[in-house]
Amino acid sequence: MDQVILDIKNVCFRWKNSGSLLLNLPEFKIEKHEHVFLQGPSGSGKSTLLGLVGGILVSESGTLKVLGQDIQNLSRSGRDSFRVDHIGFIFQLFNLLPYLSIEENVMLPLSFSSIRAKRAGRTKIDQFKEAKRLLKALALEEQLAKKSPVTELSVGQQQRVAAARALIGNPELIIADEPTSALDADLRHSFLELLFGECKKAGSTLLFVSHDSTLSDLFSRKISMDEINNNVN
């Protein structure tokens, strides 16, 4: 059996000052190298689940293991370190920094993770070359490098910069939170093909969260929040 990348058992979560149980997850597993499509409508708890997996949030009960580590047993700083070492996030709004160049945005995780920095290259020059390689592999033209990543790039171009940032340093788990919501159908499909190729090259597992069911057939496994969340409220 392949290594289990994500192993969730009996995890419950509710927001403070609210009696409503948002998540009740008896069991959810993702194996190494899987490309998993997780679907659910707005308000179904998708982003909250990603917050738990990334150690940004902590559940009130249960176990949540990433790469065999129950991250809920770590301190806040321990969860932060684990996340940057082992998880690459592609956010819906991309969260690019306007005062950094495109390559500097891509290389940003390497400043916080020696593990990913070593994987990206021995020297800063090697790491810069890896950032450029990822951008080229994700079809971002080299002549755009001098432009501002926020004010002068299209949404699709910003998306690819964010994907390169998540992928650099070969994190074991890539999490994508509605990254294609602002793109038309053709761009969504082409972006996913590029993302799949880079995940395969890096050996990364992909958890892709979206409300857009038209993308689900492109994934090796698809699941809905209703299937894993026994929320009785």
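Colleague: How many residues does helix 5 have, and how far does helix 5 reach from its first C-alpha to its last?

Modeller: In this predicted model, helix 5 runs over residues 124-137 and has 14 residues. Its reach is 20 Å, which is close to the 20 Å expected at 1.5 Å a residue.

Colleague: What puts the buried residues on the same side of helix 5?

Modeller: The buried residues of helix 5 are Gln 127, Glu 130, Ala 131, Leu 134 and Leu 135. Around the axis they cover an arc of only 135°, and therefore they lie on the same side of helix 5. The face turned away from that buried side carries the exposed residues Ile 125, Lys 129 and Lys 136.

Colleague: What covers the buried residues of helix 5?

Modeller: The cover includes helix 3 (102-112), helix 4 (114-120), helix 6 (155-167) and helix 7 (185-202).

Colleague: Why is the pair of Phe 89 and Phe 91 called stacked?

Modeller: The ring centres of Phe 89 and Phe 91 are 5.4 Å apart, which is within the 6.5 Å needed for a pair, and their planes stand at 10°, which is under 30 degrees, so the pair is stacked.

Colleague: Why is Phe 89 called buried?

Modeller: Phe 89 has a relative accessible area of 12%, which is under 20%, so Phe 89 is buried. Phe 91 has 30% relative accessibility, which lies between 20% and 50%, and therefore counts as partly exposed.

Methods
Residues are numbered from 1 along each chain as its sequence is written. This is a predicted model: local features need pLDDT of at least 70, side-chain atom pairs count only at pLDDT 80 or more; totals for chains, interfaces and linings use all residues. Side-chain values use heavy atoms; hydrogens and water are left out. Rings of Phe, Tyr and Trp (its six-membered ring) pair if their centres lie within 6.5 Å; planes under 30 degrees apart count as stacked, over 60 as edge-to-face and the rest as tilted. Buried means under 20% relative accessible area, exposed over 50%, partly exposed in between (1.4 Å probe, protein chains only). Helices (H or I, at least four residues) and strands (E, at least two) are DSSP runs, numbered from the N terminus. The expected span of a helix is 1.5 Å times one less than its number of residues. The arc is that of the directions from the helix axis to the C-beta atoms. Contact means heavy atoms within 4.5 Å.
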